[in-house]
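Here's my quick note on this one, written as numbered points. Have the sequence and the 3D view open while you read.

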Amino acid sequence: PQRVMPRDDLLISLNEREFIVKALQEEELRVDGRGPFDTRPVSYRFGPKDGMCEVQLGDTRVLAVVSAKLEPPSGARGNEGTITINVEFSPMASPNFEPGRPGEQAQELALVLERAIRETGAVDVESLCVLAGRRVWHVRCDVHVLDACGNIAGAASLAADAALLSFRRPEATVSPDTQLITVHPADVREPVPLALHHLPVAITFGYFAEQDGLVIADPTVNEEMVIGSELVVVLNAHDELCAVRFGGEVAVNPSEISRCVRIASRISKDLTQDLKKAHSAWEVERDKRRVRRHYGAEAAANPDFGLPGRGDHLNPAQGRDQGGQQSPQEQERGIDEEDEKEDDGGVSNSDEDHEDEEAGDDAIEDYNHIPLGVLAPCQSDDEEEEEEEDERSSKKKNSRSEALKKTKEKAAADLEDDDILGMFDAAAKKRGEDSGGASEKKKNKGRWDNLPGDGDSLAAAIKAKVAKKQKKQKR
């Protein structure tokens, strides 16, 4: 037989040892007030993700995490997935536990859990097959002991069962044409839970060397220091024996072992029932979160959401036509419309309305307020000089463009003058100029006061004036 693993981090005095033994012998009571076969209260905390659960058995705390990944099948059976269980004793659970490679006690506990879960077929491994001979799901359960305060095996088995019960693997489909495997995320397709046939539960018994037949169930850490032998019995709710582990120096009568197995059967049924109740409550909360993610928080809070006749899945107008009750979104929309009508037609003089408006304005101001130091950091001197140079160059460009614009306007005016003169020349050619008229133009050249009154002489004078002006501009 194996020895019970000692706890180097704990020391118990002779008086405490004698008190524990005498209390059981004389009063059949334990230090914490329980009877010999009473168990400590159990609490479950699922989440935040699927496949995670923390179990607290008295002061003992164990965390189990389940994960899965696609791998090629191992062994001769290509249509079956695999499941492995790893146990880790955290150093914060006890100074006796060291980080790194699992110790002897962790390996023994992992062996017991693998026998109870994998070898008894608690998980349907055939349902883990995706493509026979090529890809199957490999499920891994990691058990972490957080506080070692007695009966670690019982708390670890409950944590592993709860994590496997709450775990959901992604749904995978295979293309019939290309044989390609597609793993769908949780927001596209609902994950698939594991197919569990039963939930094995470990119950620990402790035997004392001081008296034959003196045995307790679910020992605490101080009682583990006093007992001489330890028996771990793993059963399910169907009274099926999954695994047995015995260790210690005290010899035990076979009839005592049979009695402990019968007691363990009753305890395992109660613990399994409590576990299923806790898991059902977690599933309800999980469904509410899923509804809240798709339809909003009001739909998750309303127990009548989705019932026949309500028309929650229809448009608001269609739901009212079918006689269903208004959803919370419709009620809020109606209230907003009434508020808008009051704002347009009526005036509210109540103090509460004014306070709400002031609070809304403050909220808007707070929302719009953004620290400028974050958006516009301080600029260096070099950056400021570059900006000044850019401004100067832009000014120079603008001045050049304005000068070019002015010159173009002058040229256009000159062209207009030329066009006018050309018109006068055409008119003069039609009428025909005589020599007398040309002499009169020479005499009166440069005098604007004595310009001739006829059109031909006036055109000649204007033409001479424009030509003179053009010569000056060329100079």
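The points below cover a helix pair and then some aromatic rings.

1. First, the ground rules. This is a predicted model, where local features need pLDDT of at least 70 and side-chain atom pairs count only at pLDDT 80 or more, while totals for chains, interfaces and linings use all residues. Residues are numbered from 1 along each chain as its sequence is written, and side-chain values use heavy atoms, with hydrogens and water left out.

2. Take a look at helix 2 (residues 104-117) and helix 3 (residues 152-166): they pack at an angle of about 50°, and their axes are 11 Å apart. That makes them oblique to each other (under 35 degrees is roughly parallel, over 145 roughly antiparallel, 65 to 115 roughly perpendicular, and the rest oblique).

3. Who touches whom here? On the helix 2 side, the contact (heavy atoms within 4.5 Å) is made by Gln 105, Leu 109, Leu 113 and Ile 117. Helix 3 brings residues including Ile 152, Ala 156 and Leu 164.

4. Now the rings: the structure holds 2 aromatic pairs (ring centres within 6.5 Å; planes under 30 degrees apart are stacked, over 60 edge-to-face, the rest tilted; for Trp, the six-membered ring is used). Tyr 44 and Phe 46 are stacked, 6.4 Å centre to centre with 20° between the planes.

5. Phe 46 also stacks with Trp 282, at 5.9 Å and 20°. Phe 46 sits in strand 1 (residues 42-46) and Trp 282 in helix 5 (residues 254-295), so this pair ties together parts 236 residues apart in sequence.

6. Tyr 44, Phe 46 and Trp 282 form one aromatic cluster.

Notes. Axes fitted to C-alpha atoms, helices over the stretch in contact; angles between N-to-C directions. Helix = DSSP H or I, 4+ residues; strand = E, 2+ residues; numbered from the N terminus.
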